[in-house]
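Me: I have a structure open and have not looked at it before. Can you walk me through a few parts of it?

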Amino acid sequence: MVTSGTVDSTVRRRSVDKRRSILDAAAPVFGDVGYERASIETIAAAAGVSKPTIYSYFGGKEDLFRESVADSARSLNADSLAAVHSLDVRSKNWRASLVRTAFALTACQRSECASALSRLVNAEIRRDPSVFAAVREAGYESIVEALAGRLAILSNTGMLSIEDPVLAAKQLMALTQVELPDLTSLGTKPASDAAVRKAVAAGVDTFVRAYRP
């Protein structure tokens with residue numbers, strides 16, 4: 001027998017699936033032609049839904065664009081978050097693990113998807129500054145928060161001396177990624193893992209020297 005709870009669950013699942021389909025269709029359309037040239041008609045056709053359905057879920061093209069880039073940022077940073085959460089803070093292994101984690105965090109910056117998202121955001125930021133805020137909140141800030149938590153543990157155990165873990169997390173990311181623009185020619189060419197790992201290790205060394213007790 002079908003109950004009202006089963007019906008409600010099915011409706012909610014279909015709603016989530018439809019929203020997911022719209023976002024999956026919107027990302028490549030915006031990426032290929034940009035915000036101005038992208039049309040709700042094209043996105044609706046790619047998602048297999050009607051124009052009114054998109055307006056019902058997202059209100060319009062601007063809100064859909066903002067949610068699309070934020071969704072892309074969350075997807076791109078999933079591996080980065082996993083790398084941060086796996087940071088080994090045991091006294092014997094923490095430094096080598098810090099290098100591995102920092103190297104993993106460069107993967108997002110080096111990917112073609114990340115480069116495409118960056119170009120799209122940079123192209124639209126003057127038109128809508130909130131786009132940058134949406135991407136930053138969905139991607140960068142969540143990584144900084146997670147990394148700050150791991151660094152706070154290292155500080156609490158005496159491995160490092162950190163008063164502001166959030167600031168330290170930002171500094172670690174800056175130090176270990178500072179050479180990426182040069183190594184990748186601003187994202188226009190690939191960089192070897194060896195070159196990136198060397199740059200990351202140098203950044204970690206500088207960070208550890210600054211925060212040693």
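Me: Which residues of helix 5 meet helix 8?
Reply: From helix 5, the residues are S80, L81, V84 and H85, and they meet S142, I143, A146, L147 and R150 in helix 8. Contact here means heavy atoms within 4.5 Å. Helices are DSSP runs (H or I, at least four residues), numbered from the N terminus. This is a predicted model, where local features need pLDDT of at least 70 and side-chain atom pairs count only at pLDDT 80 or more, while totals for chains, interfaces and linings use all residues. Residues are numbered from 1 along each chain as its sequence is written, and side-chain values use heavy atoms, with hydrogens and water left out.

Me: At what angle do helix 5 and helix 8 pack?
Reply: About 5°, with the axes 9 Å apart. Helix 5 spans residues 78–85 and helix 8 spans residues 130–156. The two are therefore roughly parallel. Angles under 35 degrees count as roughly parallel, over 145 as roughly antiparallel, 65 to 115 as roughly perpendicular and the rest as oblique. Axes are lines fitted to C-alpha atoms, for helices over the stretch in contact, and the angles run from 0 to 180 degrees between N-to-C directions.

Me: Which residues of helix 5 are buried?
Reply: S80, A83 and V84 are buried in helix 5. Buried means under 20% relative accessible area, exposed over 50%, and partly exposed in between (1.4 Å probe, protein chains only). Seen down the axis, the buried residues of helix 5 fall within an arc of 100°, so they line one face of the helix. The arc is that of the directions from the helix axis to the C-beta atoms. On the other side of helix 5, D79 and H85 are exposed.

Me: Where is R90, and is R90 buried or exposed?
Reply: R90 sits in the loop between helix 5 and helix 6. At 54% relative accessibility, R90 counts as exposed. The C-alpha atoms of R90 and L154 are separated by 8.3 Å, although these residues are 64 apart along the chain.

Me: Other topic. How do helix 2 and helix 3 pack?
Reply: At an angle of about 100°, with their axes 9 Å apart. Helix 2 and helix 3 are therefore roughly perpendicular. I40, E41, I43 and A44 of helix 2 make the contact with K51, I54 and Y55 of helix 3. Those residues divide into 5 nonpolar, no polar and 2 charged.

Me: Which residues of helix 3 are buried?
Reply: T53, I54 and F58. They cover an arc of only 105° around the axis, which puts them on the same side of helix 3. P52 and S56, on the other side of helix 3, are exposed. Just after helix 3, G59 takes a positive phi of about 85°.

Me: What about S68: buried or exposed?
Reply: S68 is buried, with a relative accessible area of 3%, and lies in helix 4. Leaving aside neighbours within four places in sequence, S68 is in contact with L23, A26, A27 and F30.

Me: And how many helices and strands are in the chain?
Reply: The chain has 11 helices and 0 strands. Of its 213 residues, 39% count as buried.

Key. Ala, Val, Leu, Ile, Met, Phe, Trp, Tyr, Cys and Pro count as nonpolar, Asp, Glu, Lys and Arg as charged, and the others, Gly among them, as polar.
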